[in-house]
Amino acid sequence: MDMVLGIDVGGTSIKAGLFTPEGELLEERKIPTPALVDAVAYATVTEGLGKILAAHDATAADVIACGLDIPGPVADDGTVGLLANIKLDPEGFVGALSAEFPNASIAFVNDANAAALGEMWAGVAQGVSSYVLIALGTGVGAGVVVGGRLIAGSFGAGGEIGHITLNRDETRTCGCGRRGCLEQYASAQGIVRLYLEECERRGVTPVHVEHATDTLSVFRALAGGDECAQLAVDKMCDYLALAMSQISCIVDPEMYLIGGGVAGAFATFAPELRKKFAEYALKPCKEARIEAASLGNQAAMYGCAYEALRLRREARG
């Protein structure tokens, strides 16, 4: 029986999904791992994957595709760029997986790009050939799909919409080293900052915020009628819609999907986001749908599995 693996690579563990080639998730399992830089760590992963396969009466020889999503840039040719938040030797890890699963195609995919592919394989983007998934979390990333194919870019920066410059007068520096990036306003951290700044400007006491990315408290305040929270979320929508209107001038997608942790409040801010996009978008682009992503934190796992399977099918003609 043919099996497909999707592996979500994190700093201290991997989340592995076992799929059928048709996209049915058979099992998801978390495997704690050391830094993925040596044979001992690789063996921890392959042994854990072997246990998942055994639970479904499958062996390593049954795996025809194995995808990995990582929080870093991956170019069109599969080259992995700088990995800031995890310790991983890509070549060594691929070598170990290839040895363990000799019949499998192997693919690395950026996590936001993988989430976009996951929505195409098993989520709300099924049957949609052109769309952009925007992941609003600690940062802002995106997966751009055109004609059914992911646009990763020559250097892996395709979809880095969090670093579109929207405010040239911004004095704070973004994590990328530039100023006025979308990420500074539409990420979880950006929303919390906008809220606290608005409270300070008005001289009012903000609700208790647990940490720098605690958007849950901001959206709760919004639900309770907090005007500062309303202004912060409206400003987030304004910047995000402006960025989307520029993306539409280049990609002209049929649909935008909003994912990531902030998307849990999508129903709250969707009307304002859609209104602002309609105001800013070029006339032919105004009909683009704006919807919530559907696969949650499983999307990237689905997507990297799908990409590995696509590479296999492409190689076989």
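**Close-up views of a predicted model**

**View 1. Aromatic pairs, with Tyr42 and Phe93 as one of them.** The structure holds nine aromatic pairs, in which rings of Phe, Tyr and Trp (its six-membered ring) have centres within 6.5 Å. Tyr42 and Phe93 form a stacked pair, 5.7 Å centre to centre with 25 degrees between the planes, where stacked stands for planes under 30 degrees apart, edge-to-face for over 60 and tilted for the rest. Because Tyr42 lies in helix α1 (residues 39-54) and Phe93 in helix α2 (residues 90-100), the pair ties together parts that are 51 residues apart in sequence. Both Tyr42 and Phe93 are buried, that is, under 20% relative accessible area with a 1.4 Å probe, protein chains only. This is a predicted model, in which local features need pLDDT of at least 70 and side-chain atom pairs count only at pLDDT 80 or more, while totals for chains, interfaces and linings use all residues. Residues are numbered from 1 along each chain as its sequence is written, and side-chain values use heavy atoms, with hydrogens and water left out.

**View 2. An aromatic cluster.** Phe19, Trp121, Tyr302 and Tyr306 form one aromatic cluster.

**View 3. Helix α9 and the residue Gly317.** Helix α9 is mostly covered, with 13 of its 17 residues buried, and is followed by Gly317, whose phi is positive, near 75 degrees.

Definitions and conventions
Buried < 20%, exposed > 50% of the residue type's maximum accessible area, 1.4 Å probe, protein only. Helix = DSSP H or I, 4+ residues; strand = E, 2+ residues; numbered from the N terminus.
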